[in-house]
Amino acid sequence: MDITLRVWRQANSRAKGKMAVYKVNDISEHMSFLEVLDVLNERLTLQGEDPIAFDSDCREGICGMCGVVINGVAHGPQQTTTCQLHMRSFSDGDVIDVEPWRADPFPVIKDLVVDRSAFDRIIQAGGYISAPTGTAPDAHATPVPKRDADRAFDAATCISCGACVAACPNGSAMLFTAAKITHLGLLPQGQPERYSRVVGMVAQHDVEGFGGCTNIGECTAVCPKEIPFETISRLNRDLISALTHGGSHWPKAAPRRDELEEEEDDIIGF
Amino acid sequence: MARRAKNYRNDGDSVYRLFYDTVKGGDFRARESNVYRLAEVSVEIIDQCVAQGVPFAREYGGLLDNRSFGGVQVSRTFYARGQTGQQLLIGAYQALERQIAAETVAMHTRHEMLELIVVDGRARGVVIRDMVTGGIETHFADAVVLATGGYGNVFYLSTNAVGCNVTATWRAHRKGAYFANPCFTQIHPTCIPVSGEHQSKLTLMSESLRNDGRIWVPKSGEDKRDPRKIPEQDRDYYLERIYPSFGNLVPRDIASRAAKNVCDEGRGVGPGGLGVYLDFADAIARLGRPAVEAKYGNLFSMYAQITGEDPYQTPMRIYPAVHYTMGGLWVDYDLQASIPGLYVTGEANFSDHGANRLGASALMQGLADGYFVLPNTINDYLADGPFPKVAESHPAAVEAVQAVRARIDKLLSVNGSRTVDSFHKELGRVMWDYCGMERSEEGLRKALNRIRELKKEFWSDVRVLGTNEELNQALERAGRVADFFELGELMCIDALVRRESCGGHFRVESQTPDGEALRDDDEFAYVSAWEFGGDRRPVLHKEPLFYEYVEMKQRSYK
Ligand SMILES: Cc1cc2nc3c(=O)[nH]c(=O)nc-3n(C[C@H](O)[C@H](O)[C@H](O)COP(=O)(O)OP(=O)(O)OC[C@H]3O[C@@H](n4cnc5c(N)ncnc54)[C@H](O)[C@@H]3O)c2cc1C
Ligand code: SF4
Ligand code: FES
């Protein structure tokens, strides 16, 4: 099939960008979207034109590197990662717009490549469990209810791609942050830092310039890992608990027993 | 040594079993002591990961699903969700970010190490390039650790991420670090076949599929019917036929070679005849679709996503693909390379897997190296310090920086007629054809000649546009491909010299009468550690291997 790509070209973070038009012919429906860019780049190189910069690494939907906005939708029409989008989702003659993630905290480095290190800094602000190497207790010492382990896993599948931010009219990274809060906060190992974590991560989220969440839900429509919207309610609950109990000074101790029970009820709503 | 012997008795089966399986699985080309240590710390690794919040599968009682064999079974549990690696990586990543916040680690993302700085025979620093600005920087230290992964992408197509490359370890090799067993590569039997010229990477289907799927090809190469229309008597379930006791569960190298053989006979299926069927019809009939869906649902949908075919209706097509490289920089028991002060961990070293790696053991090894081995051994080295300070102006540093700049300038100035990728693809094809699943004296010699020609052509005809002072992905790739040429050459030499078959290394000249790999323990029970030869031949150093606890046997899965 033959298609036309309109691609965002921007030489560097300071330069002004614009859309450039490229015709790409003889595309196979088995190609992935990134492979079309590969083919186009080969051609551009031979013509002496600067190839299009775009990020990718695993090319199998697990590393989160490859996101671009396709026809206005983060990762394109399939609710999967860009690298897992195949040309059979398009038709002969289509004109396809390709742009980088657009959000102030994700500055464009070049063309379709953006700097997502703001996510790293949100993790640094508490998105971990402090477990110095060599001090870990026996893994069986603390049983984890299967339901919690499974839900923690669901949240842990977030690949930090940033599509949620790109899709959100507010440029909010709440779904990403909530995925991490949910993953770590559902596990017993994550309890001692549960409240300092949420306070720290949300504060950093705001410092980075991500917008607030107003429950629009565009994020979940594009999230390739189907992180549920309810994780955000969970984050909000934890945040309110933390703030009413003393904010970031919340003692690093396990929550009270009654709070744990409250947890159980919440889960049903997921 | 005393401690080891004691542990053998105390730990009962689990540690020993893992140790035994790994030594045997590596086809007796791994160092026994390293493997035993790996098995010992495997249990601690799980404790550490759980403490970090890795969400392992749990049983209803809340305990970890299956733990009886140390690391092995736990990994198997992960397969249920097909995300082992990713989840362990996220755990390690979060722990790293915590250290960055604590300012004990400084992270330089989008920077690439391009040269090792060696001062007075010790590794004392690196030269790195800022991939956004093109800035060339030096960093100095008392010791250098490389954890830069494997080199499977020398084949161009592999299951590895497209960014994987050999540059860091190859640059260290050129500075004197020995490269061990470069020809030991693992070809994974269950990957989605190549769909065309445009293919940029291959996708692994979890090995667990072989538990319930049955592998077959038509008995006759002429049989082009829809697979569902081919009756039982016209199908050849070749693994079940040749290996009645292990059937579809034979180790990776055996399953891969068997697939190649049936395709070479002209019985392969799908585009280009490079594929075999992995059929779940029996499993669906036996267990019901919901059970199959619960077990493999995400893999099936991944397959459907990539191929556009529905594996519930029609058999999957699979073909082997390069997946892991057992070879790597040579290290001693302390994970120190042959350059003092240089340490190498994870897939980048050669340490634990011999000639073939068992499933789920790569991450175990990487985490063992980083969490439990290095913190102990590197301290021992640092205790020799303090080492004299190295200044930016030290001749070794100046020389390294100049070398990096000269190479970049050269790559940018050739301005020839071929793209970097076209060279990479061609190199990959040569490696796959002659240094892949089957290697022969004749083929390897052919490959060596072709690689040398290609390398020359590359340096005189490659086209890399743009400048150094910008994000220039073609330039990044060009440097990596240049190193892949040199590595590819060494792999072929290593494969030529090792005139035996073992693990993933199959020399056609060395096989049993029924076509199985034939080891030659008298001649080749050694690690080949290659010293860089510059313009001359590389020099082979042999580290003999001794087996005190596991008796050397011919593997048999019949
Ligand atoms: C699809 C797939 C599935 C797998 N599944 C499993 C599994 O289930 N179980 C299992 O045990 N193993 C599995 N493996 C193998 C395992 O994932 C790898 O062996 C392991 O990740 C290697 O870890 P590492 O830290 O040594 O290297 P890597 O994870 O490759 O990390 C190397 C890092 O170094 C960086 N780097 C490279 N060169 C440079 C340079 N010059 N300068 C700066 N940085 C550099 C890279 O960007 C990368 O971040 C799988 C592998 C693949 C490809
Ligand atoms: S929540 Fe979903 S969309 Fe957002 S970063 Fe994670 S995986 Fe990507
Ligand atoms: S390249 Fe890794 S998710 Fe797309």
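Author: Happy to. One term before we start: a polar contact is a pair of N or O atoms within 3.5 Å, where, within protein, one must be able to donate a hydrogen and the other to accept it. Please keep in mind that this is a predicted model.

Reader: Good to know. Let's start with A:R102, then. Which side chain does the side chain of A:R102 make a polar contact with?

Author: That of A:E99, at 3.1 Å.

Reader: And where is A:R102 placed in chain A?

Author: A:R102 sits in the loop between β5 (95-99) and β6 (108-110) of chain A.

Reader: Is A:R102 buried, exposed or partly exposed?

Author: A:R102 is partly exposed, because its relative accessible area is 38%, and that class runs between the 20% and 50% cut-offs.

Reader: Nice. Now the domains of chain A: what are their bounds?

Author: Domain 1 of chain A covers 3-110, and domain 2 of chain A covers 117-257. On the domain 1 side 15 residues take part in the contact, and on the domain 2 side 19 residues do.

Reader: How far apart do the C-alpha centres of those two domains lie?

Author: They lie 30 Å apart.

Reader: What area do domain 1 and domain 2 of chain A bury between them?

Author: About 1200 Å², with 63% of it on carbon and sulfur atoms. Three residues, A:Q79, A:P105 and A:F106, supply 44% of the area that domain 1 of chain A buries there, more than any other three residues.

Reader: How many salt bridges does the rule find across that interface?

Author: Zero between domain 1 and domain 2 of chain A. There are four residue pairs in polar contact between these domains, though. The side of domain 1 of chain A that touches domain 2 has nine nonpolar, six polar and no charged residues.

Reader: Okay, changing topic to the two chains. How many residues of chain A are in contact with chain B?

Author: 70 residues of chain A, and they meet 59 residues of chain B. The area buried between the chains is about 5400 Å², and carbon and sulfur atoms give 54% of that. On the chain A side, A:H140, A:K146 and A:F153 lose the most area to chain B, together 12% of what that side buries.

Reader: What about salt bridges and polar contacts between chain A and chain B? How many are there?

Author: The count is three salt bridges, and 27 residue pairs are in polar contact. One of the salt bridges joins B:K201 and A:E60, whose closest N and O atoms are 2.7 Å apart.

Reader: And what classes of residue are on the side of chain A that touches chain B?

Author: They divide into 34 nonpolar, 19 polar and 17 charged residues.

Reader: What does the side chain of B:N356 reach?

Author: The side chain of B:N356 reaches the backbone oxygen of B:G25 at 3.2 Å. A polar contact of 2.8 Å also links the side chains of B:N356 and B:Q186.

Reader: Last topic: how is chain B divided into domains?

Author: Into domain 1 (188-323) and domain 2 (395-544). Their contact takes 12 residues from domain 1 of chain B and 10 residues from domain 2 of chain B. Between them the two domains bury about 850 Å², 58% of it on carbon and sulfur atoms. B:D253, B:R257 and B:K260 supply 52% of what domain 1 of chain B buries against domain 2, more than any other three residues.

Reader: Which side chains meet in a salt bridge there?

Author: Those of B:E516 and B:R257, at 4.0 Å from N to O. The count between these domains of chain B is one salt bridge, and the rule finds two residue pairs in polar contact.

Reader: Which elements give two or more residues to the domain 1 side?

Author: α8 (252-264) and β10 (316-325) of chain B. α8(B) gives the most, with six residues.

Reader: Great, thanks for the tour!

How values were computed. Residues are numbered from 1 along each chain as its sequence is written. Chains are lettered from A and ligands numbered from 1 in the order in which they are written. This is a predicted model: local features need pLDDT of at least 70, side-chain atom pairs count only at pLDDT 80 or more; totals for chains, interfaces and linings use all residues. Side-chain values use heavy atoms; hydrogens and water are left out. Helices (H or I, at least four residues) and strands (E, at least two) are DSSP runs, numbered from the N terminus. Buried means under 20% relative accessible area, exposed over 50%, partly exposed in between (1.4 Å probe, protein chains only). Domain bounds come from an automatic or database domain assignment. Contact means heavy atoms within 4.5 Å. Buried area is the accessible area (1.4 Å probe) that two parts lose on being put together, summed over both. Ala, Val, Leu, Ile, Met, Phe, Trp, Tyr, Cys and Pro count as nonpolar, Asp, Glu, Lys and Arg as charged, and the others, Gly among them, as polar.
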